[in-house]
Amino acid sequence: MTGPESEGSQVRRAVCPGSFDPITNGHLDIIARASRLYDEVYVAVMVNQSKKGLFEVDERIELIRQVTADYANVVVESHHGLLVDFCKQRDIPAIVKGLRAVSDFDYELQMAQMNNGLSGVETLFVPTNPTYSFLSSSLVKEVAAWGGDVSHLVPPAVLEALDKRLRKD
Ligand code: PNS
């Protein structure tokens with residue numbers, strides 16, 4: 001027998017974790033590509049209480065939901081704690097991360113090895129689209145805060161939210 005009923009058939013799940021403060025076109029590109037490779041993709045907004053963001057976690061989730069609305073297999077959730085626990089609770093065997101440059105690799109490798117050692121979860125690295133190789137949420141916030149144009153770096157909903165937040169709600 002073939003198809004979903006066949007023995008051993010499984011939903012293939014992956015997670016794209018991050019702070020997403022806020023989501024950028026670079027993140028969105030990785031999420032879109034993961035959504036074509038897996039049956040279900042969780043976007044996990046990891047809560048770091050020692051790091052105050054520009055956006056509250058609920059606002060980040062809402063923005064990600066809006067900009068991923070076209071991807072039927074993408075689920076957005078937050079998590080307070082270890083990423084491996086998020087994965088265990090949802091039976092997710094794979095973490096998908098974008099790699100922008102060699103400078104990302106050192107820390108990403110450490111996290112991948114730590115996560116694998118903790119729980120066996122695998123990390124798959126996707127090379128970032130070169131258009132976004134310089135892009136980070138921090139740079140977007142800095143440029144936007146000084147009035148620079150970030151309209152080509154974030155989805156329209158995020159641009160609007162940044163504009164509101166930086167010019168005070
Ligand atoms: O967008 P970021 O801030 O670069 O994402 C980093 C993040 C949130 C994915 C990473 O710090 C993380 O997984 N944090 C959750 C806590 C955890 O599991 N720490 C151990 C990592 S080996």
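Before turning to volumes, I note that a pocket is here an open set of grid points with protein on both sides within 12 Å along at least five of seven lines, whereas a cavity is a set of points where a 1.4 Å probe fits but cannot get out. I also keep in mind that the model is predicted.

Entry on the largest pocket. I looked up its volume and found about 1400 Å³. Of the 44 residues that line the largest pocket, I noted P17, G18, S19, F20 and K97 as the closest to its centre. I then asked which elements supply at least two residues each of this lining, and I listed β1 (13-18), α1, α2 (57-67), β4, α4 and α5; the most comes from α4, with eight residues. By residue class, I found that the lining of the largest pocket divides into 18 nonpolar, 16 polar and 10 charged residues.

Entry on the second largest pocket. I read off about 180 Å³ of space for this one, and of its 11 lining residues the closest to its centre are F55, L63, A157, A161 and K164. Both α2 and α6 supply at least two residues of the lining of the second largest pocket, with the largest share, five residues, coming from α6. I recorded the make-up of this lining as four nonpolar, one polar and six charged residues.

I counted one cavity of 30 Å³ or more, and about 40 Å³ of space lies in the largest cavity. Two elements, β4 (94-99) and α4 (102-119), each supply at least two residues of the cavity lining, and α4 gives the most, with four residues. I found four nonpolar, two polar and two charged residues in the lining of the largest cavity.

Entry on helix α5. Within α5 (residues 137-145), I found S137, V140 and A144 to be buried. Seen down the axis of α5, the buried residues fall within an arc of 60°, so they line one face of the helix. I then looked up what they pack against, and noted α1 (25-37) and α6 (156-166). Just after α5, I came upon G147, which takes a positive phi of about 85°.

Entry on N25. I placed this residue in helix α1, and it counts as buried because its relative accessibility is 15%, under the 20% cut-off. Leaving aside neighbours within four places in sequence, I listed Y132, L135, H152, L153, V154 and P155 as the contacts of N25.

Entry on backbone angles. I kept in mind that most residues other than glycine have a negative phi, and that most peptide bonds are trans. In the loop between β1 and α1 I found F20, whose phi is near 50°, a positive value, and which is buried with a relative accessible area of 4%. P22 also has its place in the loop between β1 and α1, and I noted that the peptide bond from D21 to P22 is cis, with omega near 0°. In the loop between α3 (83-90) and β4 I found D91, whose phi is positive too, near 60°; at 52% relative accessibility, D91 counts as exposed.

Methods:
Residues numbered from 1 in each chain as written. Predicted model: local features only at pLDDT ≥ 70, side-chain atom pairs only at ≥ 80, totals over all residues. Heavy atoms only, no water. Buried < 20%, exposed > 50% of the residue type's maximum accessible area, 1.4 Å probe, protein only. Arc of directions from axis to C-beta. Contact = heavy atoms within 4.5 Å. 1 Å grid on protein atoms, 1.4 Å probe; cavity = no way out; pocket = protein on both sides within 12 Å on 5 of 7 lines; lining within 4 Å. Points joined across faces, edges and corners; volume = space filled by probe spheres on them. Nonpolar A, V, L, I, M, F, W, Y, C, P; charged D, E, K, R; others polar.
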